[in-house]
Amino acid sequence: MPSSSRSAAIFGILMALGLGALGMLLKQAIVEYKLLDRSVTVKGLAENEYPADIVIWPIQFTAANNNLDELYKQLEAQNNQVVNFLAEQHIDPKEITLTAPTITDKLAQQYGGNQPIELRYTAIQTITVYSNDIDKVRDAMPKLTELGRMGIVFAQNNYDAQVEYIFSRLNDVKPKMIEESTTNARSVAEKFAKDSQSRLGKIKKATQGQFSINNRDKNTPYIKQVRVVSTIEYYLAD
């Protein structure tokens, strides 16, 4: 066999062996990639109850008079009554805020007709308590009826006069709750891996859900339910 033919034959054999080896390597890489791609996605919930630490208590009352100057004197006297009441309940004056009253002139708002107006001017006054002492403020709330017996007319069911309870310590409880939700997620993933006769690997991807803060129920708005869901994807191996 001529030397050129022999060289070509040897080159062809080496090429075939090389392509075969490359094919085996590619096949192994694809198999390993597919194994790496096996994963399970689980969600872990953490849910705890915490007491609110801030209360906002708007005390809103109304007054009416035909004389504007007399109306302001009436409001001043009632403001003093409310503030004195709050002082008797040991609420710090720094926690009390008075806003300017809202005055309505019914005569100016009357369109057409000459219907008599019994009281021309009406006023809405709001005194707001902003406190960290939830229990003290809650104890004072039902006692407000004492001022009602003295002639103060309190606004009822106004949206802007609703008591509000706030939980402001979210950053303090975040780390513990994230750890709890991650632990719960891993427990679910381990159960899945066991049932599927696999081994749970490392975390492939993790997403922390948003924290939500809600009232525990409508009767206890001063107790907050804090909730977070973490979504975690784990690798699986045989």
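**A serine in a loop, and the pockets**

Guide: S198 sits in the loop between α6 (170-195) and β8 (199-208). The model is a predicted one. S198 counts as buried because its relative accessibility is 11%, and the cut-off for buried is under 20%. The side chain of S198 makes a polar contact of 3.0 Å with the side chain of R38. Beyond its neighbours within four places in sequence, S198 is in contact with R38, A193, L236, A237 and D238.

Two of these contacts, L236 and A237, bring in strand β10 (residues 223-237), which runs antiparallel to β1 and is joined to it by 13 bridges. Within this pairing, L45 has V229 of β10 as its bridge partner. Strand β1 covers residues 39-51. V40, V42, G44, A46, N48 and Y50 form its covered face, while the uncovered face holds S39, T41, K43, L45, E47, E49 and P51.

Now to the pockets. The largest has a volume of about 380 Å³. Its lining has 15 residues, and W57, A155, Q156, A161 and V163 lie nearest the centre. Strand β2 (residues 54-65) gives the most to this lining, four residues. Nine lining residues of the largest pocket are nonpolar, six are polar and none is charged.

The second largest pocket holds about 160 Å³ of space. Residues lining it include I56, P58, V163, N215 and K224. At least two lining residues come from each of β2 and β7 (164-166). By class, the lining of the second largest pocket has six nonpolar, three polar and three charged residues.

Note on methods. Residues numbered from 1 in each chain as written. Predicted model: local features only at pLDDT ≥ 70, side-chain atom pairs only at ≥ 80, totals over all residues. Heavy atoms only, no water. Buried < 20%, exposed > 50% of the residue type's maximum accessible area, 1.4 Å probe, protein only. Polar contact = N/O pair within 3.5 Å; in protein donor to acceptor, adjacent residues only side chain to side chain. Contact = heavy atoms within 4.5 Å. Pairing = 2+ DSSP bridges. 1 Å grid on protein atoms, 1.4 Å probe; cavity = no way out; pocket = protein on both sides within 12 Å on 5 of 7 lines; lining within 4 Å. Points joined across faces, edges and corners; volume = space filled by probe spheres on them. Nonpolar A, V, L, I, M, F, W, Y, C, P; charged D, E, K, R; others polar.
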